[in-house]
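Dear colleague,

Please read the notes with the structure open beside them.

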Amino acid sequence: MKDNIGAYGSFGVTAIYKEGENNVLLLDNAEAEKTDGEFWGFTNNSNARWPIGSTVSFHAYAPHSSADKSMLTYGVDKDNVQTQITYTASTTADDIINQPDLIVATNTGSRQISDAADAVQLDFIHALTAVSFAIDKDLADVVGKGGKMTSVTLKGIPNKGNCNLSVSATANVPTAAWTTGNGTGEYTFDLSGANIVVGDQDHALTSDNQTLMMIPQTLPEGAELCFSLDMNGTTQEWKVPLKGQVWEAGKSIIYKLSSNSINMLDDAKVVYPDTWTVHSFPKTSFGENDVVGLYVVNKFNQIVAENVQLTKTKGENNTFTWKTKDNKNFSFSTDNKYFAYYPYSASMTKGEGTAATATDFFKTKISSLSNDNNVVADQSAKETLLAQDFQVATGTVGPDAGSIVFNMEHQVGLAVINLKSKTLVETRQFTKDTYKYYYGEGEQPATDDYKDLGTVDIMASNAFVGNKPYRADDAGKKYLQIIPFGRSLTYQASAQATSGNQNGWGKLSGEDYSMSPSVNQSVVEKDFLPYCNREFYRLARLFEYKRSIESFTVPVDGTYTLECWGAGASKGGKSEGDYLAQKNQILYICVGGKGTDGSTSDKGVGGYNGGGNGGDSVLGKQKGGGGSGATHICLMDGLLKDLKTAYDNNKLLMVAGGQGGNKGSADGPYGGGREGGKPEFWGGGYYQAATQKSGYAFGTGQNGHDGDNTYTSYEGRARGSDGGGGGLYGGYAPYDSSSFNATCGGGGGSGYVNPNLVNGNTIAGNQTFLSPSGVSETGHAGNGAALITWLP
């Protein structure tokens with residue numbers, strides 16, 4: 001740029017003043033020349049007379065339009081008090097040296113008759129932007145050494161514009177507002193003969209007379225700087241986008257091509273692969289502080305950037321960019337190759353520069369992933385799973401070389417394990433011993449030997465053994481594990497304690513529990529079901545009333561749920577608990593019978609296993625009802641009344657109490673529970689209940705007393721009393737010989753559960769519980785029952 005007005009020789013002046021309501025043009029592109037010392041004047045000044053009393057706006061500019069090969073034209077808009085300057089920055093090599101360094105100045109002045117003839121001061125400023133080019137020797141870090149610069153080109157630059165020059169509110173500071181027109185220019189400098197070698201030293205690429213004088217502006221889309229070099233006889237072109245750069249008036253811009261002036265990696269976009277998203281993989285995008293490694297290979301297969309660490313960094317307004325560790329920048333050239341990988345490793349082994357794709361470049365690393373020491377069996381933790389991933393991508397440079405995109409791809413496989421459930425009959429309940437068929441004894445059971453009760457879904461176990469995948473959902477039904485291509489992992493799970501031994505999987509012969517992803521099928525998915533290769537989940541043996549003692553031989557070690565229901569017209573009790581039994585152990589079961597009602601002709605009969613008989617009557621009155629029998633399970637054979645020794649030796653497992661009789665029927669006080677129902681006198685009041693420690697007798701309910709004719713007019717004396725129910729201790733059947741109303745009902749027998757049983761409970765017959773068929777009942781009605789249930 002020129003640094004003084006004298007270098008121009010002359011300058012042009014436009015002067016406008018206001019006369020009345022009209023603007024008057026005083027000077028129109030008048031040429032001012034130096035006259036004396038520091039003053040400038042007009043050669044032809046016949047019209048240059050001050051309008052007395054008016055303020056004159058002066059607009060000055062250089063060079064004057066009369067200058068040789070001027071690219072400037074001038075006009076006047078007196079209505080708006082502006083001088084209009086039009087400029088076209090020529091693109092031809094010959095014209096570039098003639099591009100003008102436009103300077104402008106403005107001021108105002110006024111005169112009265114008495115004023116001295118003082119000069120108007122004009123302070124000129126540069127109105128264009130000077131653009132030149134240079135090269136830094138460190139450019140070799142990006143493009144390699146030894147190349148020779150052949151040309152530099154500035155493309156897509158708007159080179160036609162208009163400047164409206166006017167006086168501003170600040171004295172001697174002009175307003176020079178530029179607007180660009182349509183069309184752009186391209187400026188090329190041929191450097192083929194300059195012998196500028198990359199990496200040799202710093203060089204200026206253009207001389208002073210090749211400085212471009214350009215219109216101030218914000219550069220648009222498509223503006224770019226291109227430079228070419230000769231690498232061993234091959235031309236390589238680099239592009240630097242300039243969109244958004246601001247050229248200010250009076251500024252000198254030097255585009256110095258260096259490793260730090262080429263496109264920054266802030267413009268990189270690294271895209272996380274979405275191929276695993278549908279399988280609930282726990283990572284779907286790169287997050288803050290994720291680190292990717294980058295290699296850059298130039299056109300001549302030279303690795304010019306090695307294992308650069310790129311970190312996703314949060315900036316202003318929650319935006320993210322990829323930053324290098326030292327904020328070093330790299331060029332995005334269509335002539336370069338860019339290979340990225342994730343996750344970053346400081347010890348990554350570089351590939352060959354001749355590789356065309358990232359998969360080829362990182363092939364050594366990819367193949368090593370299948371080595372035994374690189375396969376992690378336990379990936380149940382999220383962090384461990386993610387660490388097994390390995391992704392690569394070849395960067396795709398945008399058409400303007402101003403952006404680059406890495407669409408990452410997994411280079412390992414994903415195993416997707418779906419744990420499924422199997423629907424089974426919940427309980428297959430047998431009334432015969434043909435269940436032993438499932439243990440290799442006897443014929444296949446007939447369909448009328450059992451009932452199937454309810455259904456249950458058995459979910460495959462997630463208690464993985466050996467290879468342990470990551471749980472991908474809240475329900476625990478989907479699991480994921482990363483497996484290198486070329487490897488096969490086998491899965492199995494042990495049964496979970498909450499599901500007995502039914503839901504394990506992975507050991508059945510003839511079934512394939514392996515997962516083997518490959519390059520062609522990177523995601524492998526399998527459903528695994530629990531073993532449970534039968535129709536039912538539990539087995540049960542129901543013992544019904546037979547008026548005899550039956551036995552049950554334990555088929556397999558395990559926990560057996562024992563249930564007993566005492567007999568009764570409506571209120572037999574229940575006992576239950578879980579017993580840990582050993583194979584071939586024998587359990588003895590005695591199911592109680594329901595007592596019968598009395599009548600005027602027949603006494604009620606006590607039920608089997610401890611029910612007391614009803615008493616006789618006189619004078620044709622109602623005879624007593626029978627008490628109902630208890631149901632028990634014991635490790636010794638015998639009726640309950642004979643098992644006191646077994647009880648004392650902790651071999652009696654449980655008892656469900658029978659109901660007592662009342663007023664001639666078997667439907668009296670409830671049986672069962674820790675205390676049976678209390679017997680009630682004919683005239684009101686209650687007698688004591690059978691308990692865990694006492695009652696009429698161990699295992700036996702009291703027989704009802706006979707009526708008598710001592711007080712013939714009182715029915716409560718003539719009727720027969722009712723029998724007590726059987727139980728751990730049988731119910732009382734009291735009789736008050738001194739009372740007019742001596743007759744009394746029989747009490748219910750008490751229940752019992754051995755304290756060694758787990759979840760043990762004895763339930764009174766006035767409570768609600770499940771019946772032998774699994775439906776709800778309040779008190780048990782009819783003969784008793786016993787049920788043994790287990791997981792096969």
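**Cavities, pocket and selected residues**

The lining of the second largest cavity divides by class into two nonpolar, three polar and three charged residues. Please keep in mind throughout that this is a predicted model. The residues that line the second largest cavity are Thr349, Lys350, Gly351, Phe361, Phe362, Lys363, Thr364 and Lys365, and the space in that cavity comes to about 30 Å³. Helix H4, which covers residues 363–368, contributes the most to this lining, with three residues.

When the whole structure is searched, two cavities of 30 Å³ or more are found. The largest cavity holds about 40 Å³ of space, and its lining is made up of Asn662, Lys663, Glu680, Phe681, Trp682, Arg719, Asp722, Thr743, Cys744 and Gly745. Sorted by class, the lining of the largest cavity has three nonpolar, three polar and four charged residues.

Two or more lining residues come from each of strand S1 (10–19), strand S2 (22–36) and strand S3 (39–42), and S3 supplies the largest share, four residues. In terms of class, the lining of the largest pocket consists of 17 nonpolar, three polar and four charged residues.

Two buried polar side chains may be worth a look in your viewer. Asp449 sits in the loop between strand S31 (421–430) and strand S32 (450–459), and it counts as buried because its relative accessible area is 5%, where the cut-off is under 20%. The side chain of Asp449 makes a polar contact, at 3.1 Å, with the side chain of Thr434.

A polar atom of the Asn503 side chain is 3.3 Å from the backbone oxygen of Met459. Apart from neighbours within four places in sequence, Asn503 is in contact with Ile458, Met459, Ala460, Ser461, Ala495, Gln496 and Pro530.

Arg49, by contrast, is placed in the loop between S3 and strand S4 (55–62), and it counts as exposed because its relative accessibility is 64%, where the cut-off is over 50%. Between the C-alpha atoms of Arg49 and Val456 there is a separation of 113 Å, the two residues being 407 residues apart along the chain.

Lastly, the cysteines. How many disulfides does the structure hold? The count is zero. Cys163 is buried, at 0% relative accessibility, and Cys226 is buried too, with a relative accessible area of 2%.

With best regards

Conventions
Residues numbered from 1 in each chain as written. Predicted model: local features only at pLDDT ≥ 70, side-chain atom pairs only at ≥ 80, totals over all residues. Heavy atoms only, no water. Nonpolar A, V, L, I, M, F, W, Y, C, P; charged D, E, K, R; others polar. Disulfide = S-S within 2.5 Å. Buried < 20%, exposed > 50% of the residue type's maximum accessible area, 1.4 Å probe, protein only. Polar contact = N/O pair within 3.5 Å; in protein donor to acceptor, adjacent residues only side chain to side chain. 1 Å grid on protein atoms, 1.4 Å probe; cavity = no way out; pocket = protein on both sides within 12 Å on 5 of 7 lines; lining within 4 Å. Points joined across faces, edges and corners; volume = space filled by probe spheres on them. Contact = heavy atoms within 4.5 Å.
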